[in-house]
Amino acid sequence: MMINKLSIPFMLLTGALFYSPVFAQEVPTPQQALQNFGIDAAKIAELERGKIVAYEVSETSQKELAIGVAMILPVALPQVVDYIKRGKLTATEIDIIASAPLANNADINSFKKFAFTDKQLDEAKAFLEAEPGDEFNLSKSEFDSLKSLQASLENADNKTLLKAANQKYREILLQRWLAYRKSGLSGIAAYSRENGNADPAAELRKEAVNSKSWVRYFPELQQVWLNYPAALPPNTTEQFLWVNRKVDGRPTANLVHRLMVAGKAGGIVVSRQFYVGHSYNSSHSVAGGLPYKGGTLVFYSTNSFSDQVAGMGSSLKHSIGREQMKKVMIKRLKRLSKDLKRKAAVVGSGN
């Protein structure tokens, strides 16, 4: 029961919790937000004492694990906005190997820093020899292209194999990004398994439809999220990036798309990992911040999809998985809180 393979993409959220455009859509009050999350008076009291609390997030399939957490930072929202705008927020995930934004004109060179290293030669070789299954998330055509590449690498030395693996993976990432940019969820190719397929597009579509806690306040944002590519609502910003992160001790690629709206009244970012190299299928996250009694109410939730938590023992797997996710999320929020309070103090002192 490899629950530990699931990943919490916190860095992918917090880097854009509060963005610069004027916030023009209806914003829930902190009380409405807390009510939407099912956070009762007792938990609100815990929040106000500086505690981090968890809240339930609905799951729609046996493959889904979901949970949310919230906290109140004793830092005013404008200070947080200024801090984020100045790019001072350091990455809070220790498992990030490398990452880079993807511009509209991204090409193969945009992925040049994504690479297997000499120490990851075995992983590179496994990738080149990959077949349909759960070791790598690739489509049938991607597996077929690897098989064609293998024929040209017979008797190749390790340096050549490593170079070929890196180049091929970059090509796959570029093609998946281009397909998503062109067709959105419909452009996401299914992962080929030994007996059937895993469909991250269907998972992400279902999650976009069922995200009730934020949709009522941002219906236009939801429509873009479902029907991308589409014209963005006013004052909405989008960002793409690739991330190489360590999952289960293995490097894996993530392709990430996020939409952000924020201003003095609050902010929200919706984020999806529309390609994941292995271990889980996809991930959808929502994060936001609202002014709260001189501080900032920060909340975020994650829905991750994995074949590993379905089937026999699913209930137990989900219980264990949620608890593990919660521990990781709380640990990261504590790190974020410490960093923001320290940095806010520096900003406030004028240094």
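Tutor: A crossing of two helices is left-handed if the near helix is turned anticlockwise from the far one by less than a right angle, and right-handed if clockwise. Heads-up: this is a predicted model, in which local features need pLDDT of at least 70, side-chain atom pairs count only at pLDDT 80 or more, and totals for chains, interfaces and linings use all residues. Residues are numbered from 1 along each chain as its sequence is written, and side-chain values use heavy atoms, with hydrogens and water left out.

Student: OK, how many helices and strands are there in the protein chain?

Tutor: Both are DSSP runs numbered from the N terminus: helices are H or I with at least four residues, strands are E with at least two. Counted like that, the protein chain has 11 helices and 10 strands.

Student: And what percentage of the residues of the protein chain count as buried?

Tutor: Buried is under 20% relative accessible area, exposed is over 50%, and partly exposed is in between (1.4 Å probe, protein chains only). Among the 351 residues of the protein chain, the buried share is 54%.

Student: Is the crossing of α6 and α7 left-handed or right-handed?

Tutor: Start with the geometry: the axes of α6 and α7 come within 12 Å and cross at roughly 155°. That makes α6 roughly antiparallel to α7, given that under 35 degrees is roughly parallel, over 145 roughly antiparallel, 65 to 115 roughly perpendicular and the rest oblique. Axes here are lines fitted to C-alpha atoms, for helices over the stretch in contact, with angles from 0 to 180 degrees between N-to-C directions. As for its hand, the crossing of α6 and α7 is right-handed.

Student: Which residues of α7 make that contact?

Tutor: Contact means heavy atoms within 4.5 Å. On the α6 side you get Glu142, Ser145, Leu146 and Leu149, and facing them on α7 are Ala164, Lys168, Ile172 and Arg176.

Student: Which side chain does Glu142 meet in a salt bridge?

Tutor: The criterion is a side-chain nitrogen of Lys or Arg within 4 Å of a carboxyl oxygen of Asp or Glu. Glu142 meets its partner at 2.9 Å, N to O. Glu142 lies in α6 (residues 140-152) and the partner in α7 (residues 158-183), so the pair ties together parts that are 34 residues apart in sequence. Glu142 is buried at 10%, and at 7% relative accessibility so is its partner, Arg176.

Student: At what angle do the axes of α5 and α7 cross?

Tutor: Helix α5 spans residues 121-128, and its axis comes within 9 Å of that of α7. The two cross at roughly 60°.

Student: Is the crossing of α5 and α7 left-handed or right-handed?

Tutor: At roughly 60° between the axes, α5 is oblique to α7. The hand of the α5 and α7 crossing is left-handed.

Student: How many Å apart are the closest N and O atoms of Glu48 and Lys293?

Tutor: This is a salt bridge, with Glu48 in helix α3 (residues 41-48) and Lys293 in the loop between β9 (282-292) and β10 (295-305), so it ties together parts that are 245 residues apart in sequence. Glu48 is partly exposed at 41%, while Lys293 is exposed at 68%. The closest N and O atoms of Glu48 and Lys293 are separated by 2.7 Å.

Student: Which residues are linked in a network of salt bridges?

Tutor: The total count comes to 8 salt bridges. A network of them links Lys63, Arg193 and Asp307.

Student: What separates the C-alpha atoms of Ser301 and Ala66?

Tutor: Ser301 sits in strand β10 and is buried, at 9% relative accessible area. Along the chain, Ser301 and Ala66 are 235 residues apart, yet their C-alpha atoms are separated by 7.2 Å.
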